[in-house]
Amino acid sequence: MADGPEPGPGARVTPQGAQVLDGGPDPDGTLRDEPDGALRDEVDELVAAWHAQRPDLDVEPMQVLSRVSRLARHLDLARRASFASRGLETWEFDVLSALRRQGPPYQMTPGALIRATLVTSGTMTNRIDRLAEAGLVRRKPDPRDRRGVLVTLTDQGRATADDALADLLRRERELLASLGPDDQRTLAGLLRTLLAPFDALPAE
């Protein structure tokens with residue numbers, strides 16, 4: 001069988017026989033090393049393109065925030081897949097996990113759940129109704145407020161929250177598999193520094 005054409009200047013042949021330029025991703029999107037050993041991803045291509053088209057602008061913030069945005073999308077997909085495998089919607093896990101984190105007796109007022117999950121009162125009432133119908137939570141009178149109620153996890157709700165959390169953490173570990181423990185702690189510290197000022201802002 002005759003050999004294929006020689007790759008052109010600045011190009012290489014992938015194991016699949018395709019010619020690609022050095023410095024760009026493989027056709028299947030696989031990350032790869034540059035000749036000098038530096039790993040490149042799609043954000044590098046995006047930043048380089050904007051730098052070429054708008055050299056008057058400082059595009060360095062994209063190096064961090066475009067990667068944060070892309071990682072957030074991957075995390076969202078992992079969360080949805082994890083919860084769907086347990087028959088849950090993302091919002092259901094958010095409410096169940098807020099209650100589970102309280103510890104025994106795993107209960108909160110509707111107002112506290114609203115603050116924990118950042119939704120409106122009407123939305124939370126609807127969510128509590130649906131979770132109660134599914135047997136995952138129950139309402140009970142608040143002994144400190146005759147007109148109030150407490151939302152409490154049922155045994156089924158606690159087991160569901162625990163199972164979903166274990167699966168989610170497994171998927172999150174897979175997302176972080178390319179970083180060692182020290183790198184993960186370093187990254188967590190940097191992201192904390194970036195996020196803390198936003199968490200300190202008053203709620204709207």
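The model is predicted. Helix 1 spans residues 42-53, and helix 2 spans residues 61-84.

**How helix 1 and helix 2 pack**

- The two helices pack at an angle of about 135°.
- Their axes lie 10 Å apart.
- Angles over 145 degrees would count as roughly antiparallel, and 65 to 115 as roughly perpendicular, so helix 1 and helix 2 are oblique to each other.
- The crossing of helix 1 and helix 2 is right-handed.

**Where helix 1 and helix 2 touch**

- Helix 1 brings Glu42, Val43, Asp44, Leu46, Val47 and Trp50 to the contact.
- Helix 2 meets them with Met62, Gln63, Ser66, Arg67 and Arg70.
- By class, this contact has five nonpolar, two polar and four charged residues.

**The largest pocket**

- The volume of the largest pocket is about 1500 Å³.
- It is lined by 30 residues.
- Closest to the pocket centre are Arg67, Val68, Leu71, Leu175 and Leu187.

**What builds the lining**

- Helix 2 gives the most, with ten residues.
- Sorted by class, the lining has 17 nonpolar, five polar and eight charged residues.

Methods. Residues numbered from 1 in each chain as written. Predicted model: local features only at pLDDT ≥ 70, side-chain atom pairs only at ≥ 80, totals over all residues. Heavy atoms only, no water. Axes fitted to C-alpha atoms, helices over the stretch in contact; angles between N-to-C directions. Helix = DSSP H or I, 4+ residues; strand = E, 2+ residues; numbered from the N terminus. Parallel < 35°, antiparallel > 145°, perpendicular 65-115°, else oblique. Left-handed = near helix turned anticlockwise from the far one by under 90°. Contact = heavy atoms within 4.5 Å. Nonpolar A, V, L, I, M, F, W, Y, C, P; charged D, E, K, R; others polar. 1 Å grid on protein atoms, 1.4 Å probe; cavity = no way out; pocket = protein on both sides within 12 Å on 5 of 7 lines; lining within 4 Å. Points joined across faces, edges and corners; volume = space filled by probe spheres on them.
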